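Hi,

Here is the structure I promised to pass on.

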Amino acid sequence: MEKRLIKKDTLAGIAKKMAGDMMVWAPVKKEDNVLFETIGKDGEPFFAYLNSKNAPKNVFFPHTETLMKFTRTPKGMAFSSEANKANQSVLFGVRPCDAHSFALLDKLFDQEKYQDAYYVAKRQNTTVIAMACVKPPYASCFCTSVDGEPVGSEGADILLTDIGGDYLAEFITSKGEKLAQYFGDAKADAAADAKKAEIAAKAKEAIQSRIPAHEVKPILDVNFDNPFWNTIHGKCLACGTCTYMCPTCHCFDISDEVKGADGIRLRSWDSCMFPLFTKETSGHNPRPSQKERWRQRAMHKFKYYVDNFNAIACVGCGRCVMSCPVNIDIRKVVEDISKL
Amino acid sequence: MHDLITAHKNSQKRVKPEDRKKKVIGVVARGCTTRSLIIHLQERQYERDEVCIIGVPCDGYVDGKGLKVKIGGADIVEGSIDGGQIKMKTSDGDKTVALKDVLADSCLTCRFNNPIISDIMIGSPAPAMNPDAEYNDVKEFEAKTMEERWAYFTKEMEKCMRCNACRQACPSCYCPTCFVEQSQPQWVGIGEDKSDTQVFQFMRLYHMVGRCVDCGSCVSVCPMGVDLRKFLKKIDKDCWEMFGNRAGSGMEDMPPLGKYDEHHDKQDFIYNP
Amino acid sequence: MARRKFATLKSFLNYIGVEGDRTIFTWVSASEGDRWAQVIKGATEKIKALGPANKMVKTIG
């Protein structure tokens with residue numbers, strides 16, 4: 001594996017240089033929020049951030065995406081595809097938990113049987129550069145409980161680790177190596193490796209918040225009707241904040257929008273927390289209350305995804321914990337389930 | 001507040017009118033909560049004797065997002081209120097801020113921080129806040145040019161990601177089916193198109209004429225920090241200046257859009273009268 | 001009351017930056033054909049002077 005050292009203050013310069021050659025997504029400070037946005041050559045990336053407000057999943061799975069266009073012509077409908085229009089791009093500076101989420105989303109959108117052309121095209125054309133958490137940013141971080149690591153490289157093509165004065169850049173995949181030219185030519189030595197290992201161990205240790213994520217699967221298998229489900233949803237507002245902030249939530253809705261003879265088919269995010277999510281045309285709703293919706297969210301993350309893909313659909317970023325307007329804490333929910 | 005209406009509706013479901021029993025629900029209410037209750041009562045969502053209101057005076061509550069900005073975005077691990085100070089353990093060391101510096105905007109200029117109606121009152125009345133300044137922001141915004149105002153509106157609406165938290169938290173937003181969720185006809189697209197978001201927010205805001213009690217719920221739940229209050233307060237100001245009404249400020253008042261005052265309502269908005 | 005709704009709507013649209021003159025409200029009786037023509041004529045001129053509306057207008061594609 002190719003490894004290099006780069007000076008700390010050159011990082012923003014590297015991102016900007018890349019932005020001259022391709023599309024670069026980087027954390028940007030926008031008023032009080034840090035968000036992932038595309039930066040131009042003159043854009044100012046903000047790397048001194050804890051973690052971005054929203055998950056960077058929108059790079060591959062945008063909130064709203066045009067699937068196809070259609071036009072009514074005298075000869076019938078004319079359709080045009082919108083897939084595979086992804087440009088070469090770089091996602092610069094995501095946290096390892098978010099990079100991990102891409103590996104999880106790949107399992108769904110890029111399976112053998114079903115391939116989502118829109119997601120896959122963007123994913124293949126994007127190089128993910130992760131920035132390790134030397135110090136866990138939030139008290140609500142729990143990545144180590146869900147197969148993640150604060151200095152982990154799962155889902156990333158390049159991993160940057162702050163080892164004091166320099167960044168250690170590790171080129172994990174061949175896709176990452178193609179960008180090596182931007183990272184100078186200072187080769188990393190064994191001392192840097194040792195330093196990184198030490199930092200990684202320390203960071204892992206520093207994550208205080210732990211949940212029994214793996215233990216709950218067999219419990220969830222047999223407790224679909226447990227009265228416990230009556231106890232968590234009481235204060236839930238039925239807003240979509242948790243699912244929209246979540247790096248792994250991926251449910252979507254498809255709708256057509258037409259104006260005159262032209263129309264587009266859109267895919268946009270949906271949320272299992274919305275009453276409308278499961279409402280049928282007849283008016284019947286198989287998940288009539290917030291209880292069933294909450295059970296679905298917990299089950300999907302910790303049981304169904306494990307059943308389908310043998311992985312927990314949570315990366316422990318803590319965004320849902322921090323942004324829930326009524327402080328429902330998924331860590332507490334999992335903890336309580338483990339005691340059933 | 002939603003639960004209250006839902007609970008009442010559920011208790012009356014599939015019950016013949018003559019068999020209906022009153023279900024009394026207790027509510028612990030601050031000033032703004034009682035205003036919402038008055039609006040519900042005026043809009044006949046339940047009867048006055050179906051709620052038991054336990055009134056509590058209110059000194060305002062902390063604006064969580066503002067607090068976070070104040071301490072430079074650090075992660076708050078633990079906190080306590082001691083006198084007029086908030087003491088916190090954060091990822092960036094121990095921090096202390098004055099309570100009055102981080103109160104929500106709606107609380108700082110609150111006119112009704114003591115319950116307007118109640119069955120039982122707890123505690124002694126809270127000292128007045130600073131209601132004279134309540135429209136300062138709006139006045140400042142009104143003085144800007146048309147393009148500046150439009151630029152601000154579009155900038156704020158671009159933050160919105162359509163999670164509906166504002167609608168869900170709002171005590172006055174209780175339509176069984178929100179216009180956003182109607183599909184025949186579809187009022188507004190479900191995507192993140194700029195115009196769709198603007199129309200969604202505009203319509204929701206405008207539905208608050210005579211109904212927004214400035215409780216600050218929508219602002220405090222918004223994960224993206226959209227400045228909704230700047231617009232809601234204008235609606236409140238118009239309602240006061242045009243019709244002399246403050247939403248939910250008294251049981252005797254009719255909702256302002258439900259009546260008309262021949263002698264005092266202005267005519268100047270009518271084209272070619 | 002419709003008139004109160006229009007008064008606030010006009011004011012609120014103007015506040016967010018949509019020209020207040022675009023919101024036009026008036027009374028016309030079914031028997032006032034002449035007045036109806038005048039109102040529509042006046043309204044059309046007013047709107048034409050403002051140019052095409054492009055705020056909160058959706059484009060597809």
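(Helices, H or I with at least four residues, and strands, E with at least two, are DSSP runs numbered from the N terminus.)

Before the rest, some housekeeping. This is a predicted model, where local features need pLDDT of at least 70, side-chain atom pairs count only at pLDDT 80 or more, and totals for chains, interfaces and linings use all residues. Residues are numbered from 1 along each chain as its sequence is written, while chains are lettered from A and ligands numbered from 1 in the order in which they are written.

Back to Asp116(A). Asp116(A) counts as buried because it has 20 C-beta neighbours inside 10 Å. (Buried is 20 or more other C-beta atoms within 10 Å of the residue's own, exposed is 12 or fewer, partly exposed is in between, and C-beta atoms are placed from the backbone.) From Asp116(A) to Thr127(A) is 11 residues in sequence and 18 Å in space, C-alpha to C-alpha.

Asp147(A), in the loop between β7 (126-131) and β8 (158-162) of chain A, is not a glycine but has a positive phi of about 65 degrees. Asp147(A) has 18 C-beta neighbours inside 10 Å, so it counts as partly exposed. Over in chain B, Arg162(B) sits in the loop between α6 and α7 (165-169), and its phi is positive too, near 60 degrees. Arg162(B) is buried, because 23 other C-beta atoms lie within 10 Å.

Now the sheet in chain A. It is an open sheet of 7 strands with mixed pairing, in the order β1-β9-β8-β7-β6-β2-β3. (Strands pair if DSSP finds at least two bridges between them.) β1 (2-7) and β3 (33-39) are the edge strands, each pairing on one side only. From one strand to the next the twist averages 25 degrees. Strand β2 (residues 23-30) runs antiparallel to β3(A), with 7 bridges between them, and Val24(A) stands opposite Ile39(A) of β3(A). Helix α1 (residues 11-21) of chain A packs on this sheet, touching β1, β2, β3, β6 (89-94) and β9 (166-171), and its direction makes about 130 degrees with that of β2(A). (Contact means C-beta atoms, placed from the backbone, within 7 Å; axes are lines fitted to C-alpha atoms, for helices over the stretch in contact, with angles from 0 to 180 degrees between N-to-C directions.)

On domains, whose bounds come from an automatic or database domain assignment: chain A has domain 1 (2-54 + 84-206) and domain 2 (216-338). (Nonpolar is Ala, Val, Leu, Ile, Met, Phe, Trp, Tyr, Cys and Pro; charged is Asp, Glu, Lys and Arg; the others, Gly among them, are polar.) Chain B splits into domain 1 (2-61 + 103-258) and domain 2 (62-102), with 5 residues of domain 1 in contact with 7 residues of domain 2. Those on the domain 1 side are 3 nonpolar, 2 polar and no charged.

Finally, chain C against chain B. What does each chain put into the contact? Chain C gives 25 residues and chain B gives 29 residues. On the chain C side, α1 (2-16) and α2 (33-50) are the elements that give two or more residues, and α1(C) has the largest share with 12 residues. By class that side has 13 nonpolar, 5 polar and 7 charged residues.

α1(C) itself has 15 residues and spans 21 Å from first C-alpha to last, close to the 21 Å expected. (Expected span is 1.5 Å times one less than the number of residues.) Its buried residues include Phe12(C), Tyr15(C) and Ile16(C), and the buried set packs against α5 (136-142), α6 (146-159), α8 (194-206) and α10 (229-243) of chain B. After α1(C) comes Gly17(C), with a positive phi near 110 degrees.

Cheers

Key:
Two residues are in contact if their C-beta atoms, placed from the backbone, lie within 7 Å.
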